[in-house]
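Subject: Structure for you to look at

Dear colleague,

Please find the structure below, followed by notes on what was found in it.

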Amino acid sequence: MTIMTYRQALHDTLAAEMRRDSDVFLIGEEIGVFEGAYKITQGMLAEFGEKRVRDAPIAEEGFTGAAIGAAMLGLRPVVEIMTINFSLIALDQIVNHAAKIYGMFGGQAKVPLVIRTPGGGGQQLGATHSQNIELFYAFIPGMKVVAPSSPADAKALLLAAIRDDDPVLFLENLALYNTKGEVPDDNTPAEIGRAAVTRQGADITVVSYSRMAAVALDVANQLAESDGIDVEVVDLRSLRPLDRETIIASVKKTHCAVVLEDDWLTYGIGAEIAATISDGAFDWLDAPVRRVAMAEVPMPYAKSLETAAMPSAQDAKEAIRQTLAAVARRS
Amino acid sequence: MSSPRVKNRPRTAKSPPAQTDSLEPERLLHFYRQMVEIRRFEERAARAYTQAEIGGYCHLNLGEEATVVGLMSALESSDYLFTNYREHGYALGRGIAPGRIMAELYGRSDGVSKGWGGSMHLFDMGARLLGGYGIVGGQIPLATGAALAIDYVSGPEAVMCIMGEGTTNIGAFHESLNIAALWGLPIVYVVINNGLGMGTTVEKSSAEPDIYKRAASYRMASARVDGNDPLAVRDAAQSALASARSGKPFLLEATSKRLRGHSVVDPAKYRTPAEAAALKDADPVAGFAARLGAAGLLGEDDIARIDVQALLMVQEAVDFAEASPHPTVDTLFDYTYASPVPNDSRRLPGDPLFEPSAYPQTGHQA
């Protein structure tokens, strides 16, 4: 085990995979000479050279599509899209091509592609640079979407994504880059498609992913201390495929659930989780599934408004307390 | 990365002179035979479409036969081809069995894409036909990436990426040409300019309607060739491919007429009677037959014999397609993912997410 930041875990894992497999190469804007807008690729140009660390022109559709084409011929490109907001420019190549090529051509060409991209607000970047739109991709069969919330998962899921033969959208988060945690020294990939119970608990299930899964863990530990509430935290880790069984198993134990999500509530992931719980654990449920999600506005710039729009630890605590109060009223 | 290669200067080339005389007669007759095969295949596809044997959209290469044959004869078998949804002829030109192509149009399990693609999405890794793409311009970044992969391993192959003239207005075209020129990738972009999108003319859609000139923005070499002359197309494509292999990507424009509507169901009413009548003179199959006839290489008997053989080939393709089984429903989930993954849904539309389970009698007591 080594203590390191989420950023360091990404950097070290990328570099290790580049050393392990010469078919792995990086392509993206400002990843070489500039060493990445968020410095994930620091030092990589010097170590691996221009051929494997390709500074692309500002042409997300062009270079993402080129990575898909290179993957069709057997290379294993890792694309960096500076933020997930810019991935919209490459939407046709990702949705209509990367996600379709294996199936549409009857399994003749694999697309072993990783698209690394951070989402998330809280940096006062305004409406176009603060979105959480990973569900656009999680909606699409053929895509795999993973979202690590800790440095350890950043490593394990990135190993899995690079070694996978399908297109994987690898969601990072601006607010997580500097967070620290223990990272195992061995190189065991995570299993894409499996959620993790990151804290066992008996009273209530909290389902989340990415930044909010880290918030959920903090909140759970604080509530155990302050309120004596025993929260079970399910970190989805994989948005597609979605591990419904782990969610249902947890709710059958706790009988109630709160979803913490950084995306907008309407049509958001909480809706999918609540419907899943309704389908799989209706008879076990003692209170409505509560959702804590982003306010339904384009993200404002002003700090006071941005803070108000984003889900917080305090919001999560209140939702958990209110859900348990609803359970108590029924008993 | 491969060291930055010598940047190209824009140039325009006139169509090379057609060298009918320098080719052995058998080669010329082979070109003609292939053009007739495409013609008859497409006519049969149109019939099958109107008989509802073929579904979806169905776009034909009628009028494009000379271009198809010229381009395909210039490719090495190890080269890669990316094209759009008007691609039946190109699949034939890559040597794919006509029955497997027709079976794909019929949505059968012996189709080149196992019935998953249809008319617009023909794919055969063995023949290095890497699609068949239904989204206008979608193939251009992919083809550019294939050229990047070849460059990455310093391979000898080249990529040919075919599109219509309307496609040159989409962003992916410009992004891709820029990338290919910056990195010196081994790729030839071929624009089939038939003057029409669906019904919108090239003049109404392109501020620079001389499409080959667009390469100048990327200091990429380019040329325009008469797409009704298979020999000129072949020569131009060979030069373009040689340029690409030396690290200088190329834009080749081939002009021809679309003899029918945009797709089988389009009656092309936007054409004036004069325009429609002029199409007869633009028929590349009749034109090449006349040229070979004038050179003493093709007589009426030959024309009839080649036609009968082509019709027979097409009938055999239809027979193969009709005999091929429909894909069975148990294969529905076979191609979602290449790497097996837990929790991949295999639910049919009416299935519940979870099997009903009873709440345990001795379970939770609130």
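The contact between the two chains takes 45 residues from chain B and 53 residues from chain A, where two residues count as in contact if their C-beta atoms, placed from the backbone, lie within 7 Å. On the side of chain B that touches chain A, the largest share, 9 residues, comes from H5(B); helices (H or I, at least four residues) and strands (E, at least two) are DSSP runs, numbered from the N terminus.

This is a predicted model, in which local features need pLDDT of at least 70 and side-chain atom pairs count only at pLDDT 80 or more, while totals for chains, interfaces and linings use all residues. Residues are numbered from 1 along each chain as its sequence is written, and chains are lettered from A and ligands numbered from 1 in the order in which they are written.

In chain A, the buried residues of helix H12 include A:Ala316, A:Ile320 and A:Leu324, whereas A:Gln314 and A:Arg329, among others on the other side of H12(A), are exposed. Here buried means that 20 or more other C-beta atoms, placed from the backbone, lie within 10 Å of the residue's own, and exposed means 12 or fewer, with partly exposed in between. What covers the buried residues of H12(A) includes helix H8 (210-226) and strand E10 (204-208) of chain A.

Chain B holds an open sheet of 6 strands in the order E2-E1-E3-E4-E6-E5, with parallel pairing, where two strands pair if DSSP finds at least two bridges between them. Strands E1 (residues 80-83) and E3 (residues 159-164) of chain B are joined by 3 bridges, and B:Tyr80 has B:Val159 as its bridge partner in E3(B).

Best wishes
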